[in-house]
Amino acid sequence: PYFGDAETEITVQQGEAAFFNCHVFNLANQTVSWMRTSDGYPLFIGNEKYINDQRFELVSRRRGQNTLKLKFTNASDAGNFECQVSTNPKISQIFKLNIIVPSVSVDGQQEKHVMAGSPVELKCYIKNCLKQPTYVFWYMSGSRLLDSGGRVKVRTSMLNTGVTALSVLSIDKVDQSDRGNYTCKPASGGEASISLHVLEGEKPAGLHHDQTSDSNQFKTHLGL
């Protein structure tokens with residue numbers, strides 16, 4: 001038996017699936033196995049699965065074509081995987097898996113102040129992306145926010161740089177029920193949070209009413 005040409009270095013974004021395509025010619029009655037090189041643990045021997053991890057599966061079992069799929073990759077999956085043929089001595093093809101882990105940050109400081117009745121946009125940047133994350137979820141104090149097309153909207157897109165995704169949570173006419181901690185969680189892993197404070201009336205409490213200093217006082221209160 002011998003191996004066909006294959007892409008042996010695979011790079012994926014955390015959270016995405018990785019595929020390892022191993023083509024074996026003249027297989028005859030030999031068995032193809034998959035091993036994880038880091039600990040020598042068998043994933044599959046023939047079509048029989050040995051690892052208790054639902055993320056691993058064989059997606060192509062045609063004679064001589066063995067494709068291993070790893071779903072929902074994370075950083076700890078990076079390393080070498082080995083496609084082995086049970087000849088004596090054995091022959092093998094090594095696949096190297098690289099995992100790109102994007103960084104997540106929310107625009108601005110850790111706190112944001114907005115006047116009641118005003119709209120607000122919270123921006124979450126996912127940098128070092130190979131592609132737009134499959135999804136970006138926003139949570140308010142632990143509860144996921146759904147884009148119902150009404151007052152709360154979420155839109156996610158890749159920026160022109162091609163390596164950064166931007167997810168924007170917009171709320172129309174905020175009120176006191178909107179105050180709380182907002183967290184952005186992309187499929188690619190990581191998270192970032194910001195606290196939203198809703199201010200009532202024309203001026204935040206504790207500001208002087210000297211007309212000439214109102215503007216500067218307000219900016220100071222907001223940390224601008």
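A: Gln84 is buried, because its relative accessible area is 13%, where buried means under 20%, exposed over 50% and partly exposed in between (1.4 Å probe, protein chains only). The model is predicted: local features need pLDDT of at least 70, side-chain atom pairs count only at pLDDT 80 or more, and totals for chains, interfaces and linings use all residues. Residues are numbered from 1 along each chain as its sequence is written, and side-chain values use heavy atoms, with hydrogens and water left out.

Gln84 sits in strand 9 (residues 79-85); strands (E, at least two residues) are DSSP runs numbered from the N terminus. Beyond its neighbours within four places in sequence, Gln84 is in contact with Thr31, Val32, Ser33, Met35, Lys90, Ile91 and Ser92, contact being heavy atoms within 4.5 Å. The Gln84 side chain also makes a polar contact with the side chain of Glu82, at 3.2 Å (N or O atoms within 3.5 Å, one able to donate a hydrogen and the other to accept it; residues adjacent in sequence count only if both atoms are side-chain atoms).

Glu82 is buried too, at 11% relative accessibility. The side chain of Glu82 forms a salt bridge with that of Lys90 (3.5 Å, N to O), a term for a side-chain nitrogen of Lys or Arg within 4 Å of a carboxyl oxygen of Asp or Glu. Lys90 is partly exposed, with a relative accessible area of 48%.

The structure holds 9 salt bridges. Another one joins Lys71 and Glu57 (3.5 Å, N to O).

Conventions:
Helix = DSSP H or I, 4+ residues; strand = E, 2+ residues; numbered from the N terminus.
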